[in-house]
Amino acid sequence: MTKKRLVLWDIDHTLVDFTELGSTWYGTAFTAATGATLQVRPVFGGRTERATTTDLLTANGFEAAEETIEALFRALVAESARHRHTFPETARALPGAAEALSSFAADGDVVQTLVTGNLPEISRHKLAAFGLDEHLDLEIGGYGTLSVHRPDLVPHAVKLAGAKHGTEFGADAVVVIGDTPNDVRAAVANSVVSVAVATGHYSAEELAAEGAHTVLPDLTDTDAVRRAVLG
């Protein structure tokens, strides 16, 4: 019997490119949530939204209280919803992303979901703009609302996937695919397989140095992606 595998995809700079777009939402969202003007801009780089928001509030002189964090989350979702009709023109799906997702979807032994720093609603907006949500089970993902620590998102998604599919996904059956050192660290911290793609701001050498099991230049070679995931 073929062993089921669980593939945990990152979104930004792995499946899609929304370069600088999200950052522009923060000014409006920050004012909506706090009544103040944003002075210090957010830092992303594969961090979770909870980590980014917590640091952003602190850097701008606010206590990172849960009520304020949740208000900022809601304001960010509202900004995404307001702009989502523009996504097909202002962003893009990365080459090979759709083909890789479709290829694994055709394999009944692969479950695909997300481990992403994004909020759940914004994840849907970004992926749906390019039809990339079709082959992902977004109900069992690990999202940026959960923790300031990205490694915490992996076991959350594994637990949900295992419960839904009635199987226990061992560490060697779980694959994290992402473009940042934080994606690689999240995999390594949980002793699962790391496949890194050098499609973001980090080189193949930097990703390999973090301990990625496989580093790909991009997702355009579907066979190479499949080998990296399936072995």
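Helices here are DSSP runs of at least four residues, numbered from the N terminus. By that count, in this predicted model, proline 88 belongs to helix H4, which covers residues 87–90. Leaving aside residues up to four places away in sequence, proline 88 is in contact with Ala129 and Phe130. Alanine 157 is 69 residues from proline 88 along the chain, and 28 Å separates their C-alpha atoms.

The largest nonpolar core holds 45 residues, and the members touching the most others are Trp9, Leu15, Leu76, Leu114, Leu127 and Leu136. Helix H3, residues 66–83, contributes the most to this core, with six residues. For leucine 136, contacts beyond four places in sequence are made with Trp9, Leu15, Leu101, Gln112, Thr113, Leu114 and Leu127.

Helix H2 (residues 49–59) meets H3 at an angle of about 115 degrees, and their axes are 10 Å apart. The two helices, H2 and H3, are therefore roughly perpendicular to each other, and H2 passes H3 in a right-handed crossing. On the H2 side, the contact involves Glu49, Arg50, Thr53, Thr54, Leu56 and Leu57, while H3 supplies Glu66, Thr68, Ile69, Glu70, Leu72, Phe73 and Leu76. Six of the residues in this contact are nonpolar, three are polar and four are charged.

Technical notes
Residues are numbered from 1 along each chain as its sequence is written. This is a predicted model: local features need pLDDT of at least 70, side-chain atom pairs count only at pLDDT 80 or more; totals for chains, interfaces and linings use all residues. Side-chain values use heavy atoms; hydrogens and water are left out. A nonpolar core is a set of buried Ala, Val, Leu, Ile, Met, Phe, Trp, Tyr and Cys residues joined through side-chain atoms within 4.5 Å. Buried means under 20% relative accessible area, exposed over 50%, partly exposed in between (1.4 Å probe, protein chains only). Contact means heavy atoms within 4.5 Å. Axes are lines fitted to C-alpha atoms, for helices over the stretch in contact, and angles run from 0 to 180 degrees between N-to-C directions. Angles under 35 degrees count as roughly parallel, over 145 as roughly antiparallel, 65 to 115 as roughly perpendicular and the rest as oblique. A crossing is left-handed if the near helix is turned anticlockwise from the far one by less than a right angle, and right-handed if clockwise. Ala, Val, Leu, Ile, Met, Phe, Trp, Tyr, Cys and Pro count as nonpolar, Asp, Glu, Lys and Arg as charged, and the others, Gly among them, as polar.
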